Amino acid sequence: MTNSRHGTVTTFYSFTGGTGRTMALANVAWILAANGHRVLAADWHFESPGLHRYFRPFIRSEALDHAPGVSDLIRGYEWEVMRRGSPLPQAELERLADVTAHAIALDWEFPGGGCLHLLPTGSQDRTYVAILGSMDWDEFYEERDGGRFFDAMRSGMRDRYDYALIDSRNGWNEVADICTIQLPDVLVSCFQLSQQGIEGAVESASAVRYQDAEREIRILPVPTRVDLAEQEKAQIGRLIARQRLAGLPKGMAEHERERYWRDVEVPHCPYYSFEEILAPFGDRPDMASPLLHAYEAVARHISAGTVDHLPPMNDSLRARTLARFTRRAAVAEEEVALSYAPADQVWAEWVERLLASVGIRVHDVPEGTAEATPAPEISTEVMPTCATP
């Protein structure tokens with residue numbers, strides 16, 4: 001396959017869960033697409049997929065229900081190799097590894113020909129996930145020519161997209177190895193400034209540098225969910241992380257590296273703890289946002305400076321879209337009108353007793369005159385606040 005776009009494959013990885021890795025990927029993907037690029041966001045977290053939640057307002061619900069994805073591509077290839085009993089021709093291999101077969105386009109008009117596609121994990125019934133979880137990856141590589149399949153997938157992503165972003169499974173496992181070693185050009189290592197978080201980032205960086213023989217994977221360490229209310233502890237964590245990950249990212253002068261670590265640090269912002277909201281909609285453009293600034297910095301380094309910031313958005317459009325992300329509290333009616341025909345009085349009395357037992361007042365009205373009273377609407381926009389140093 002001839003690469004026509006020469007795109008970049010970037011994996012977002014974290015050793016531990018709860019780092020905000022998926023949120024970072026979703027926001028960086030949006031920033032890249034908003035700058036006119038073709039972007040793929042692929043969810044490889046088979047046991048606990050969550051990337052789609054950040055894009056729900058832009059995808060029809062029926063398009064996500066039982067949507068095929070990464071797992072279907074892998075199993076489809078494996079079944080075809082087993083059926084044939086021999087290595088596949090290159091053209092057939094590329095067809096089976098084509099991620100666009102299951103990619104879902106987000107319903108949003110990005111400027112400059114940009115687009116954002118979501119590649120889900122795939123079928124999510126328990127049996128299917130269990131089969132994939134028990135998959136013999138050594139056999140897949142050695143007897144099914146798995147390495148060649150993932151090379152074709154990587155080549156296809158680079159050919160069809162400017163940026164393909166992979167949300168990796170966390171921890172040490174075969175799927176994480178595929179995502180962090182075989183597929184990416186760039187590895188974004190997300191970690192919290194805890195002892196475990198820093199150790200995980202150090203070990204994953206060492207594993208990538210040790211095992212990558214064919215090409216150099218650029219490693220971008222990104223501290224996440226940094227609680228700026230604890231300045232002393234945060235500063236100690238920063239210093240330890242810089243010492244343990246010395247020399248990263250590579251290819252920078254020391255003053256450039258200093259600025260890198262300062263810019264990409266993602267602060268903890270409680271506003272985003274309750275819903276999967278994209279920062280381009282949750283943050284107002286007229287207010288400085290350390291969260292959005294950090295995601296812009298990550299996008300800048302992934303794109304080697306091609307993308308510098310999120311383009312401005314009409315504030316009315318931003319507010320309307322934010323409302324699609326925001327949950328509403330259900331308000332129960334405390335009083336209802338009960339209308340019924342005389343012949344149904346016995347049933348009406350039973351319904352009235354049932355409603356009264358849960359604290360709802362019921363009053364009778366003449367047949368056919370009851371009017372439904374809508375529940376009061378709760379609509380507020382709360383500004384996100386992130387502490388700044």
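Predicted model: local features only at pLDDT ≥ 70, side-chain atom pairs only at ≥ 80, totals over all residues.
**Salt bridges**

The structure contains 24 salt bridges.

| Pair | N to O distance | Locations |
|---|---|---|
| Arg-244 and Glu-199 | 2.7 Å | helix H10 (residues 231–244) and helix H9 (residues 195–211) |
| Arg-242 and Glu-254 | 3.1 Å | helix H10 and helix H11 (residues 254–264) |
| Arg-300 and Asp-263 | 3.4 Å | helix H13 (residues 290–302) and helix H11 |

Arg-244 and Glu-199 form a salt bridge between their side chains. Because Arg-244 belongs to H10 and Glu-199 to H9, this pair ties together parts that are 45 residues apart in sequence. Arg-244 is partly exposed at a relative accessible area of 38%, and Glu-199 is partly exposed at 26%.

Since Glu-254 lies in H11, the pair ties together parts that are 12 residues apart in sequence. Arg-242 has a relative accessible area of 21% and is partly exposed; Glu-254, at 44% relative accessibility, is also counted as partly exposed.

In the pair formed by Arg-300 and Asp-263, the closest N and O atoms are 3.4 Å apart. Arg-300 sits in H13 and Asp-263 in H11, so the parts tied together are 37 residues apart in sequence. Are these two residues, Arg-300 and Asp-263, buried or exposed? Both Arg-300 and Asp-263 are buried.

Elsewhere, a network of salt bridges links Glu-80, Arg-83, Arg-84, Glu-92 and Arg-95. As a general point, side chains of opposite charge can pair when their charged atoms come close.

**Surface patches**

A patch of negative charge on the surface is made up of Asp-136, Asp-138, Glu-142, Glu-143, Glu-174 and Asp-177. Helix H6 (137–142) and helix H8 (174–182) are the elements that give two or more residues to this negative patch. Asp-177, in H8, is partly exposed at 35% relative accessibility.

There is also a nonpolar surface patch, formed by Trp-347, Trp-350 and Leu-354, which together have about 400 Å² of accessible area. Trp-347 is located in helix H15 (residues 345–356). With a relative accessible area of 61%, Trp-347 is exposed.

**Helix H8 and its cover**

H8 contributes to the negative patch, yet 7 of its 9 residues are buried, so the helix is largely enclosed by the rest of the structure. The buried residues of H8 are Val-175, Ala-176, Ile-178, Cys-179, Thr-180, Ile-181 and Gln-182. What covers these buried residues of H8? The cover includes strand E1 (8–13), H6, helix H7 (146–160), strand E5 (163–167), strand E6 (186–191) and H9.

**Two further buried sites**

Ala-29 is a residue of helix H1 (residues 21–34). Its relative accessibility is 0%, so Ala-29 counts as buried. Beyond residues up to four places away in sequence, Ala-29 touches Val-39, Leu-116 and Leu-165. Ala-29 and His-117 are 88 residues apart in sequence, with a C-alpha to C-alpha distance of 9.4 Å.

His-52 occupies the loop between strand E2 (38–43) and helix H2 (61–64). Leaving aside residues up to four places away in sequence, His-52 touches Leu-64 and Leu-118.

**Backbone geometry**

Most residues other than glycine have a negative phi, and most peptide bonds are trans. Where does this model hold a cis peptide bond? One joins Leu-248 and Pro-249, with omega about -10°. Pro-249 lies in the loop between H10 and H11.

Asp-145 is not a glycine but has a positive phi of about 60°. This residue, Asp-145, is found in the loop between H6 and H7 and is partly exposed, with 28% relative accessibility.

Ala-304 also has a positive phi, near 55°, in a residue other than glycine. Ala-304 lies in the loop between H13 and helix H14 (315–325). At 66% relative accessibility, Ala-304 is classed as exposed, because the cut-off for exposed is over 50%.

Key: Residues numbered from 1 in each chain as written. Heavy atoms only, no water. Helix = DSSP H or I, 4+ residues; strand = E, 2+ residues; numbered from the N terminus. Contact = heavy atoms within 4.5 Å. Patch = residues over 30% accessible without salt bridge, like charges linked within 9 Å, V, L, I, M, F, W, Y side chains within 5 Å. Areas by Shrake-Rupley, 256 points an atom, 1.4 Å probe, with all protein chains shown as cover. Salt bridge = Lys/Arg side-chain N within 4 Å of Asp/Glu carboxyl O. Lys, Arg positive; Asp, Glu negative; His and termini not counted. Charge placed at Lys NZ, Arg CZ, Asp CG, Glu CD. Buried < 20%, exposed > 50% of the residue type's maximum accessible area, 1.4 Å probe, protein only.
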